[in-house]
Amino acid sequence: MLDAFSRTGILIGAEGLQKLKNSRVAVFGAGGVGGFTIEGLVRSGVGAIDVIDNDKVCLTNINRQIFATRKTLGKYKVTAAAERIAEINPDCKVTPHRMFFLPDTADKINFSDYDYVVDAIDTVSGKIAIIEKSKAANVPVISCMGTGNKLNPAAFEVADIADTSVCPLAKVMRRELKRRNISGVKVVYSKEEPVRVFCDGARRAVPASCSFVPSVAGLIIAGEVIRHLTGN
């Protein structure tokens, strides 16, 4: 009998679908990258998703964030995410955590509850804390490096953090993780040099993004999670 996940089942089989249904994934960050990761996970049949974010949807999110529409402006992103997930798969259990994840709030999340953890936030200290907590709980984790000020979605690679280059965020993360003797961290990163945009007399490059770069990174992450959970 056909259902919402029949086409996925053709690829991964009934056993694979059941593994996804029984899995719980935490996604830290529901913005340009994290939003599309969540979209990929729920459309694949993951049975439980925790969304951790403290931001509200604003007008400047519309150009790149899947939860950002005219109807969701002003809503917390975890709320917008939960509503969209329910529209796609009402059987998916959503646990929203409206919080800004940092080392001093890390203990509010029980990492041992998850089968996989996704880091799609921007703060270096928060990213490190996610990786540390995941490693301590022996839960697989994937971390997204910089996607801002880039225009080539084909430049993304999946690699160990130790093998990354070019990306400024990856450089900082390599250094900080090495200081903590943490290794074996899977990341999605791009070797594309960030575009340096200056406007309104700014001395520093202005943060910029587009619809087709963070979305690709998010879906790559979703694919890595799905393949791991199903053993493919």
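User: Which residue forms a salt bridge with glutamate 157?
Analyst: Lysine 191 does, with the closest N and O atoms 3.7 Å apart. A salt bridge here is a side-chain nitrogen of Lys or Arg within 4 Å of a carboxyl oxygen of Asp or Glu. This is a predicted model: local features need pLDDT of at least 70, side-chain atom pairs count only at pLDDT 80 or more, and totals for chains, interfaces and linings use all residues. Residues are numbered from 1 along each chain as its sequence is written, and side-chain values use heavy atoms, with hydrogens and water left out.

User: Where do glutamate 157 and lysine 191 sit in the chain?
Analyst: Glutamate 157 is in strand β6 (residues 156-160). Lysine 191 is in the loop between β7 and α6. They are 34 residues apart, so the pair links distant parts of the chain. Helices (H or I, at least four residues) and strands (E, at least two) are DSSP runs, numbered from the N terminus.

User: Why does glutamate 157 count as partly exposed?
Analyst: Because its relative accessibility is 32%. Buried means under 20% relative accessible area, exposed over 50%, and partly exposed in between (1.4 Å probe, protein chains only). Lysine 191 is partly exposed too, at 41%.

User: What about lysine 127, buried or exposed?
Analyst: Lysine 127 is buried, at 0% relative accessibility. Its side chain meets that of aspartate 119 in a salt bridge (2.9 Å, N to O). Aspartate 119 is also buried, at 0%.

User: How many salt bridges are there in the whole structure?
Analyst: A search finds 15. Some are linked in a network of Glu132, Arg175, Glu176, Arg179 and Arg180. Within it, the side chains of arginine 180 and glutamate 176 meet at 2.9 Å, N to O. Arginine 180 is partly exposed at 37%, while glutamate 176 is buried at 13%.

User: New topic. Which residues touch the most other members of the largest nonpolar core?
Analyst: Val25, Leu41, Ile49, Ile221 and Val225, out of 36 residues in that core. A nonpolar core is a set of buried Ala, Val, Leu, Ile, Met, Phe, Trp, Tyr and Cys residues joined through side-chain atoms within 4.5 Å.

User: Which element gives the largest share of this core?
Analyst: That is α6, with 6 residues.

User: And what does valine 225 touch?
Analyst: Val25, Leu41, Tyr116, Val118 and Ile142, not counting residues up to four places away in sequence. Contact means heavy atoms within 4.5 Å.

User: Where is threonine 37?
Analyst: Threonine 37 lies in helix α2 (residues 32-44). Threonine 37 is buried, with a relative accessible area of 0%. Its side chain reaches the backbone oxygen of glycine 218 at 2.9 Å. Leaving out residues up to four places away in sequence, threonine 37 touches Val27, Val118, Gly218, Ile221 and Ala222.

User: What about alanine 170, which helix is it in?
Analyst: Alanine 170 lies in helix α5 (residues 168-179). Alanine 170 is buried, at 0% relative accessibility. Again leaving out residues up to four places away in sequence, alanine 170 touches Met145, Ile161 and Thr164. The C-alpha atoms of alanine 170 and serine 190 are separated by 9.3 Å, though the two are 20 residues apart along the chain.

User: Last one. Where does valine 197 lie?
Analyst: In the loop between β7 (186-190) and α6 (214-230). Valine 197 is partly exposed, at 33% relative accessibility.

Notes: A polar contact is a pair of N or O atoms within 3.5 Å; within protein, one must be able to donate a hydrogen and the other to accept it, and residues adjacent in sequence count only if both atoms are side-chain atoms.
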